[in-house]
Amino acid sequence: TGTPLRVAIAKSNLGQCLFALGRAAEALPLFVDAAAAEPDFGPDHPALPRIWNNYALCLGGLGRGEEALALFERALALSRRLYPGDSPDVALNLHNLALLQNLQGRPAEALPRFEEALAMYRRLGGPDHKEHHKPRRLVRHHQRRKRGGRPDRYGSALRTHGPSGPRKRNRHPSHDPDPGGVAVPLPGGPAACRCRACSRSP
């Protein structure tokens with residue numbers, strides 16, 4: 001909870017804001033600095049997957065897909081270690097990784113991750129939750145764009161769906177299955193999310 005950790009988290013959140021405004025080139029050095037502070041966090045700090053996720057989104061938006069994939073893989077691996085079983089953070093990382101793989105023309109690799117994310121969202125929110133069908137809708141959307149012969153870069157997908165999902169929703173960012181960044185809570189903040197999804201009885 002020391003100063004270097006707080007500075008790194010603040011840089012990541014500022015980078016996310018700049019990226020949301022379409023200023024990815026300005027956001028990138030902030031993400032680089034935040035990721036470079038990894039030794040200050042320790043090997044399994046829960047802020048790291050979100051920092052890597054935001055950094056990867058920026059890299060993908062700048063056309064650096066292979067670097068983005070590597071970061072998404074790291075974020076997913078650590079999220080799985082931190083949150084065994086079903087978790088909104090794991091589902092979000094699965095979805096972002098699958099989205100980028102699909103946009104890179106690797107649907108066979110993306111499909112099982114989309115399906116795992118979809119199943120996880122269903123278990124987390126119940127069978128009638130309106131968010132459950134978004135991963136499949138996104139796959140169909142990008143497949144239609146490819147059949148239509150239009151370019152389908154990761155950056156264009158981020159502009160289409162927004163960096164944190166449609167603005168009309170008012171939900172905890174870690175529950176958003178859209179391809180988007182998530183704000184990283186500062187150390188010493190609320191111990192748990194109080195949104196309805198988190199407080200719902202199992």
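Reader: How many residues does helix 1 have, and how far does it reach?
Author: In this predicted model, helix 1 (residues 3–20) has 18 residues and reaches 26 Å from its first C-alpha to its last. That is close to the 26 Å expected at 1.5 Å a residue, the expected span being 1.5 Å times one less than the number of residues. Helices here are DSSP runs (H or I, at least four residues), numbered from the N terminus.

Reader: Which of its residues are buried?
Author: Among them are Leu 5, Ala 8, Ile 9, Ser 12 and Phe 19. Buried means under 20% relative accessible area (1.4 Å probe, protein chains only).

Reader: And what follows helix 1?
Author: Gly 22, with a positive phi near 80°.

Reader: New topic: where is Ser 87?
Author: Ser 87 sits in the loop between helix 5 (65–82) and helix 6 (88–103).

Reader: Buried or exposed?
Author: Ser 87 is buried, at a relative accessible area of 5%. Not counting residues up to four places away in sequence, it touches Met 120 and Leu 124; contact means heavy atoms within 4.5 Å.

Reader: What does Tyr 55 contact?
Author: Leaving aside neighbours within four places in sequence, Tyr 55 is in contact with Leu 28, Phe 31, Val 32, Ala 35 and Leu 71.

Note on methods: Residues numbered from 1 in each chain as written. Predicted model: local features only at pLDDT ≥ 70, side-chain atom pairs only at ≥ 80, totals over all residues. Heavy atoms only, no water. Helix = DSSP H or I, 4+ residues; strand = E, 2+ residues; numbered from the N terminus. Buried < 20%, exposed > 50% of the residue type's maximum accessible area, 1.4 Å probe, protein only.
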